[in-house]
Amino acid sequence: MTQPLRLGIAGLGTVGAGVVKIVRQKADLLAARTGRPVKITAVSARSRDKDRGVPLTGYDWEDDPVKLAIRDDVDVFIELMGGSDGPAKAATEAALAAGKDVVTANKAMLALHGQSMAELAEDAGRVIRFEAAVAGGIPVVKALTEGLAGNTITRVMGVMNGTCNYILTRMESSGFPYDQVFEEANQLGYLEADPNLDVGGIDAGHKLSLLASIAYGTQVDFENVELEGIQRLSIEDIRTAADMGYRIKLLGVAQMTGRGLEQRMSPCLVPADSPLGQLQGGTNMVVLEGDEVGQIVLRGAGAGAGPTASAVMSDVIEIARGTRLTTFGQPARGLKQAQPARTVTPAPYYLRMLLSDKPGAMGKIASVLGEAGISIDRMRQTRHDSTSAPVVIVTHKTSRDSLDTALEAFSNTGVLLGAPVAIRIEEV
Ligand code: NAP
Ligand code: HSE
């Protein structure tokens with residue numbers, strides 16, 4: 001046996017405790033697969049006294065994660081505290097500067113600081129691995145970095161926030177409104193400490209920006225992910241979409257277009273019978289498309305102790321085996337600055353609006369769409385009452401710019417009651 005690989009773990013919450021458990025319980029398997037013992041030398045968290053559900057005997061304790069990160073008896077610093085800045089960033093940078101490899105599950109930190117950290121790692125001859133940061137237990141970082149490395153990636157898509165997918169599927173199955181299901185998710189402990197990270201699409205946007213960097217050889221550009229959360233989705237839209245053979249998902253899409261890199265995380269309609277449409281509850285799905293391989297669909301648990309620790313351990317094992325991969329699949333200084341493109345890829349749109357029930361109202365709406373160059377595919381009027389007429393229109397493919405022109409012009413027609421709802425229909 002060669003030298004053991006010595007781990008220092010900062011953060012002993014859901015994921016950290018899961019990692020400790022695997023290292024303790026699977027020592028023989030890890031040694032057999034890597035050819036060397038993998039052991040924990042020191043750990044850190046805020047409270048020394050908290051019961052973590054796993055024994056911590058035999059490990060040194062550090063109150064300060066930075067001190068843990070630079071210990072002589074740590075080869076790999078495992079950052080599982082979370083937070084884009086603060087102790088996570090300080091300790092990660094200290095670890096790299098001290099010549100340690102880093103494994104992290106922290107998508108927020110890498111989405112904001114991934115480029116500078118990748119450069120720091122490269123300069124120090126160290127690696128940063130982050131399989132657990134995107135879609136929990138699904139090995140999508142490795143799939144893109146290694147398995148699909150011979151492809152030009154044409155599109156990356158995914159449902160990468162389990163909480164949002166839980167809320168949306170639960171709204172459909174129960175018929176309960178958003179606020180009620182949000183509260184249920186809260187009671188079940190699904191929501192991040194700041195729920196807007198989940199329902200505002202920010203957490204999933206972080207993940208998408210990391211995948212886009214690997215897929216397109218561009219610097220992580222979270223700032224230019226177009227973000228729209230699920231907070232304004234109504235049970236009515238979920239039901240109407242279902243009636244028309246669609247489901248609404250918080251869907252991330254990244255693709256390189258003639259005008260630049262398009263990255264968006266927003267509610268989209270997808271066919272109910274597609275793999276994405278079939279995705280239920282807190283599960284994640286990532287769809288990767290390459291010019292040689294075609295479409296790959298990866299599905300699995302996006303969160304939880306076991307799945308996330310499984311992903312962390314895959315990085316630890318990679319390092320223990322001596323595999324040295326660049327952070328985003330190519331040397332950090334070779335990553336191009338992304339040219340951001342706001343949604344340019346045309347798509348059909350679902351439009352729902354309430355019209356005042358008077359002669360010519362529908363005609364005015366149809367004229368506005370026609371003037372914006374938007375063709376109607378399907379249209380229907382539902383649950384009509386004496387003063388208002390709810391209308392649903394599905395357009396043919398159109399650009400977001402044309403749609404925005406039409407939405408603005410709707411307000412001058414004098415027939416609209418309230419703001420229209422517009423949701424992209426993604427071809428999957
Ligand atoms: P968590 O349960 O809240 O645990 C965080 C841990 O970090 C706790 O042990 C906490 O200590 C420790 N910590 C916080 N601030 C610290 C500080 N200043 N110094 C030392 N320790 C500190 O979080 P988690 O769910 O395990 O998530 C960890 C990371 O994994 C995050 O980046 C998260 O986004 C990512 N992730 C989580 C999941 C998941 O399913 N949970 C999935 C994918 C990715 P105390 O316990 O003493 O308070
Ligand atoms: N809040 C995240 C989710 C946790 O719901 O998917 C995993 O990143």
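**Ground rules**

I'm working with a predicted model, where local features need pLDDT of at least 70, side-chain atom pairs count only at pLDDT 80 or more, and totals for chains, interfaces and linings use all residues. Residues are numbered from 1 along each chain as its sequence is written, chains are lettered from A and ligands numbered from 1 in the order in which they are written, and side-chain values use heavy atoms, with hydrogens and water left out.

**Entry: the sheet**

I looked up the strands first; helices (H or I, at least four residues) and strands (E, at least two) are DSSP runs numbered from the N terminus. Two strands pair if DSSP finds at least two bridges between them. Gly 8 has Phe 77 in S4 as its bridge partner.

**Entry: H7 and H11**

How do H7 and H11 pack? Helix H7 (residues 162-174) and helix H11 (residues 235-243) pack at about 75 degrees, with axes 10 Å apart. Axes are lines fitted to C-alpha atoms, for helices over the stretch in contact, and angles run from 0 to 180 degrees between N-to-C directions. H7 and H11 are therefore roughly perpendicular (65 to 115 degrees; under 35 is roughly parallel, over 145 roughly antiparallel, the rest oblique). From H7, Leu 168, Met 171 and Glu 172 meet Ile 235, Ile 238 and Ala 242 of H11. I sorted the residues of this contact into 5 nonpolar, no polar and 1 charged. Ala, Val, Leu, Ile, Met, Phe, Trp, Tyr, Cys and Pro count as nonpolar, Asp, Glu, Lys and Arg as charged, and the others, Gly among them, as polar.

**Entry: pockets**

On a 1 Å grid over the protein atoms alone, a pocket is an open set of points with protein on both sides within 12 Å along at least five of seven lines, a cavity is a set where a 1.4 Å probe fits but cannot get out, and lining residues have an atom within 4 Å of a point. Points are joined across faces, edges and corners, and volume is the space filled by probe spheres set on them.

The largest pocket comes to about 1400 Å³. Among its 49 lining residues, Thr 14, Val 15, Met 81, Gly 82 and Glu 192 are closest to the centre. Its lining splits into 17 nonpolar, 21 polar and 11 charged residues.

The second largest pocket holds about 560 Å³. Its 23 lining residues include Glu 228, Arg 232, Arg 400, Ala 422 and Ile 423, nearest its centre.

**Entry: cavities**

I found 2 cavities of 30 Å³ or more. Where does the largest share of the largest cavity's lining come from? It comes from S9, with 4 residues. That cavity has about 50 Å³ of space, and Leu 168, Glu 172 and Ile 238 are among the residues lining it.

The second largest cavity has about 40 Å³, and its lining has 6 nonpolar, 2 polar and no charged residues.

Key: Contact means heavy atoms within 4.5 Å.
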